[in-house]
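Biologist: Please take a close look at one pair of packed helices in this model. Begin with the chain as a whole, then go down to the residues.

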Amino acid sequence: MKEEYWSINQASEYLGKSIITLRRWDESGDLTPDQITDGGHRRYSISQIKKRRVQLELKKVQNKKHTFFFDFDSCLYPGESLEEIIEKAIGDNPKKIQKIYDIGRQGMEGKITITQSLSQRLETATITQSEINQWIEEAKTKIDPKIIKLLSQLQAQEHLVYIVSGGFTEWITPLMTSFGFLKDHIYANKCTFDQQGNINGFLSSNPLSQDHGKSKTIQSIINAGGTQGWRCMIGDGATDLQPFTDHIIECMVGIGIYQQRGSVQEQAPIYCQSLDELQIFFEPFI
Ligand SMILES: [Mg+2]
């Protein structure tokens, strides 16, 4: 992506700060221009200025009640659930397993659509309920207790907390409700089943199986009056960034703890590469 730049006038207008403040920030090293023109004028990358505005707004909104939307895979859960469950169904076939992960990654990076990514992965194996149950039991021991504590602290402070995932409710809901998470606050895809009770596809009318699905889902939660204060998405993937870049929510926290994705790292106004960094971000809210 080609970087675009603003003059100090444009940056000052967008940030609602005077040119004098921006010059002072330059001198103190708080906000350094990305370029100086031949004529000596400061040029700021637009992405840097947008990040700065989120940080300034964040200071103003601490200690109020907000809404947090968490991604599930590689965010709350330290892996990719659909891949892991398909892996169980496939058995010992490293080539086929690698293909599943490749398709999943292409979806995460926005190289193929979410619908393509889901159908191509589900086509490769027949998933049974017993494989799902087995995965849920294992997953209970894999989620970091710090994450569970964070979710309950946020809820105790009366923030609204949701899970918005491109994964599947068939395993996310039993897993997360076992930790006391509210069933009504989990938004995820839904599987379809054959007559034997095995998964044979997914419900394509669910917005989360479509392009910009997280934006559509969050928009419908907002329309139904289900949010308060600042709205913030927390996630690792390109689809988690969309509600922010689609201007539906005010903030996005990129998660680079389990997976690092370039587009998210570049564009998320906040980026956390460890659980400690994530806890520091949330400290003012809990
Ligand atoms: Mg994810």
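Modeller: Helices here are DSSP runs of H or I with at least four residues, strands are runs of E with at least two, and both are numbered from the N terminus. The model is a predicted one. Counted that way, the chain holds 13 helices and eleven strands. Its radius of gyration is 21 Å, close to the 19 Å that the globule rule gives for 286 residues, so the chain is as compact as a globular protein of that length. The C-alpha trace spans about 70 × 40 × 35 Å along the principal axes. Of the 286 residues, 35% count as buried. Among contacts with a separation of 6 or more, 57% join residues 24 or more positions apart.

Now to the pair. Helix α5 covers residues 94-108 and helix α6 covers residues 114-122. The two pack with their axes 9 Å apart, at an angle of about 170°. Angles over 145 degrees count as roughly antiparallel, and therefore α5 is roughly antiparallel to α6. Their crossing is left-handed. On the α5 side, the contact is made by I100, I103, G104, Q106 and G107. On the α6 side, I114, S117, Q120 and R121 take part. Sorted by class, the contact between α5 and α6 has three nonpolar residues, five polar ones and one charged one.

Technical notes
Residues numbered from 1 in each chain as written. Predicted model: local features only at pLDDT ≥ 70, side-chain atom pairs only at ≥ 80, totals over all residues. Rg over C-alpha atoms; globule rule 2.2 N^0.38 Å. Buried ≥ 20, exposed ≤ 12 C-beta atoms within 10 Å, placed from the backbone. Contact = placed C-beta atoms within 7 Å. Axes fitted to C-alpha atoms, helices over the stretch in contact; angles between N-to-C directions. Parallel < 35°, antiparallel > 145°, perpendicular 65-115°, else oblique. Left-handed = near helix turned anticlockwise from the far one by under 90°. Nonpolar A, V, L, I, M, F, W, Y, C, P; charged D, E, K, R; others polar.
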